[in-house]
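Here is a short note to read beside the model. Each point takes up one part of the fold.

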Amino acid sequence: MSNKITIDELEKYLWGSAVLLRTHVDAGAYKQYIFPLLFFKRLSDVYDEECEKIRKEYGEEALDWEENHQFMIPDGAHWNDVRNVSQDVGKAIKDAFHAIEAANPEKLQGIFGDASWTNKNRLPDRLLKDLMEHFSSKTLSIENCPADELGQGYEYLIKQFADDSGHTAQEFYTNRTVVNLMTEMLKPQPGESIYDPTCGSAGMLISAVAYLKQQEKEWRNLSIYGQEIVTLTSAIARMNLLLHGVQDFEIVNADTLKVPAFTDHSKLQQFDIVLANPPYSIKQWDRTAFESDKYGRSFLGVPPQNRADYAFFQHILKSLDPRTGRCAILFPHGILFRNEESEMRKNLVDTDMVECVIGIGKNLFYNSPMEACIVICRAVKPADRRGKVLFINAKHEVTRKNAQSYLEDSHIKRITEIYDNYTVEPGFSAVVSNKNILENGAELTISLYVDEVNDEEAIPVEDAVQIWLDKSSRFNAAYAKLKKLIKEEE
C-alpha cells in the first residue's frame, strides 16, 4: 500500500500545526515556529530515506560519507532524538537546529531563524510535544512527498499565514497568480540568472523554476539570487527553495538599497531576469547616500524621501544584463503619474527601456484594495519595439471569489498574447511612441493612452486624490508661468 501523501492531506496536516499554536502565539508569529519545525522534519525524514538506500547499495560503513547525503544530520540532532525529550523541549529543538546548521554551514547556516524556543511562557513543553507529535504523524520522505508537492504545500501554508496575519503579509507574500503572469511574460530560459532584490519568501524565484518545469525544459542550471531585509523572511525563502528541490541559489539577508549583496567591485552584478515586488513607498531609507550612490543607481534622479519606489526601480534597471536583461516589477499605480517623480519618469522614457505597462485589477496587492501595475523593461528592446511602449488595461481581467482576488489562466493567456504580439486592441491595449508620452509630461497613466469602453467603475480614492493633486500642481505651475509671460510683455 502506498504511503504517498495527497495534496489535500498535506494541506490539512500543515494547517493542523498552526491550529495547535492558536491561543498561544499571535497569528503573525506562526511562521517563525511552524516553518523551522516543518523543515527539520523534512531534513530528518529525507536523511533516513537516504540512509536506507545507502545500506542497501553500499553497506553500513557508507552511512557517514557526506557525498551520499543532501544534508548531514549529526548524532543527537535528529527529529526522533528531540521527539524523545520530555523536559526542556525548546532547548532540545534549539540545540538540534544549531547542530544541523553547524554540520551544513554552506547551505543551512542561519536557516532555522532565531525564534525564542526556550520561552516556556509562550511555548510550554506540552505544546511543543504536541507539535512534535502532530508533525510525526506523517513521514515527509521524497517518496511519500516529492519536492514539488511539498513545495506546493509550503506555498499553501505561506498563503494561509498571510490570510491569518493580515497586515504582516505583504513582506513575504505576493499574489501568486500575478507572479505567474509576470513570469509568463519574461519567459525564463535554461541556464539563465534570475534575481529578486526584495524576494520575500522567494515566490517569484520559484515561479521561474516552475515555468521551466511546466515547459519540460532544464531548470536545474538556473542561477538564482535574492535579497531580503527581514531575517525571518529570508530564512523562509531559503527553506522554500530547498523544499521545492532547488539547490543552486543564494539568498542574502540585508537591505538592498543600503547594502546590495551582489556586486562586482564598483558595479552591481547583472542578471538575465529580475522579478520584483518592492515594498510600497517606504519612507525610512537613506536618501542622502543614494544621491551619491557608488553603484550609479541614481542615474534617473533622486527619489523623494517619502517614496523610495524609484530607488528600487533604478536598482533593478542597473542590475539588468546589458544584452539579455529584462524585468517585470509590480508597483502601485502612483509611480506612473506622481508629479514629484515626473523628472525621473522623463529620464526613464528617454532610456527607451520601458517595453510595457500593464494595469491589473483591484485587491491583487495583498490586503489592499488599490489597483497595481506591472512595468516590463528590457536592456535592449527588439528593433520593432524601440521608441514605443505597449499599454494594457487589464484591470477587469480579475476574478473575485470568497473574498479573494486572482487571475485565472484565461486572464493570463489574454494579457500574455497581447504582450507577445505587441497587439493593439481597442479598449484594452495601445502602442504609444516615446515622443507622445513625453508630450504628455512623461505620464505613463494607462487611461491616457487606452480608451476605456463602457467603464463606469470608480477608481480608488487614493489614486483619484493623487491624480487631482498632481494635475492641480501642473495647472498652478502653468498658470504661474503664463502670468509671468503676460507681465513680461506688459
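Two strands count as paired if DSSP finds at least two bridges between them. Keep that in mind for the points on the sheet. The model is a predicted one.

1. **The sheet as a whole.** Nine strands build an open sheet. Their order is β3-β2-β1-β6-β7-β9-β8-β10-β13, and the pairing is mixed. At the edges sit β3 (249–253) and β13 (429–433), each of which pairs on one side only. From one strand to the next, the twist averages 15°.

2. **Strand β1 and its partner β2.** Strand β1 covers residues 193–196, and strand β2 covers residues 223–228. Four bridges join them, and they pair in the parallel sense. Two of the facing residues can be located by eye. Ser-193 stands opposite Ser-223 in β2. Asp-196 has Gly-226 of β2 as its bridge partner.

3. **The other neighbour of β1.** Strand β6 (residues 273–276) also runs parallel to β1, with two bridges between them. Here the bridge partner of Tyr-195 is Val-274 in β6.

4. **Burial of β1.** Are the faces of β1 covered or open? Both are covered. Ser-193 and Tyr-195 are buried on one side. Ile-194 and Asp-196 are buried on the other.

5. β2 pairs with β3 in the parallel sense, over five bridges. Across that pairing, Tyr-225 stands opposite Glu-250 of β3.

6. **Crossovers.** Follow the chain from β1 through helix α9 (residues 203–214) to β2: the three make a right-handed β-α-β unit. Then go from β2 through α10 to β3, which is again a right-handed β-α-β unit.

7. **Helices on the sheet.** Helix α10 (residues 231–243) lies across β2 and β3 and runs at about 170° to β3. Helix α14 (residues 409–421) packs on the sheet as well. It touches β8 (354–360), β9 (372–378), β10 (388–394) and β13. The direction of α14 makes about 165° with that of β10.

8. **A helix pair.** Two packed helices are described by the angle between their axes and the distance between the axes. For helix α12 (residues 309–318) and helix α13 (residues 342–351), the angle is about 20° and the axes are 12 Å apart. Angles under 35 degrees count as roughly parallel, so α12 is roughly parallel to α13. Their crossing is left-handed. On the α12 side, the contact is made by Tyr-310, Phe-313, Gln-314 and Leu-317. On the α13 side, Met-344, Arg-345 and Leu-348 take part.

9. **His-315.** This residue also belongs to helix α12. Is His-315 buried or exposed? At 1% relative accessibility, His-315 counts as buried, because the cut-off for that label is under 20%. Leaving aside its neighbours within four places in sequence, His-315 is in contact with Tyr-195, Pro-197, Thr-256, Pro-260, Leu-268 and Arg-297. Tyr-195 is one of the β1 residues from point 4.

10. **Gly-359.** Look next at strand β8, where Gly-359 is found. Gly-359 is buried, with a relative accessible area of 2%. Leaving aside neighbours within four places in sequence, its contacts include His-333, Ala-372, Cys-373, Ile-392 and Ile-446. Which residue lies 38 residues from Gly-359 in sequence and 9.6 Å away in space, C-alpha to C-alpha? That residue is Glu-397.

11. Most residues other than glycine have a negative phi. Asp-88 has a positive phi of about 50° although it is not a glycine. Asp-88 sits in the loop between α3 (79–83) and α4 (89–103). With 39% relative accessibility, Asp-88 counts as partly exposed. Glu-216 also has a positive phi, of about 55°, and is not a glycine either. The loop between α9 and β2 holds Glu-216. Glu-216 is exposed, with a relative accessible area of 75%.

Definitions and conventions
Residues numbered from 1 in each chain as written. Predicted model: local features only at pLDDT ≥ 70, side-chain atom pairs only at ≥ 80, totals over all residues. Heavy atoms only, no water. Buried < 20%, exposed > 50% of the residue type's maximum accessible area, 1.4 Å probe, protein only. Right-handed = clockwise from strand over helix to strand, strands pointing away. Axes fitted to C-alpha atoms, helices over the stretch in contact; angles between N-to-C directions. Parallel < 35°, antiparallel > 145°, perpendicular 65-115°, else oblique. Left-handed = near helix turned anticlockwise from the far one by under 90°. Contact = heavy atoms within 4.5 Å.
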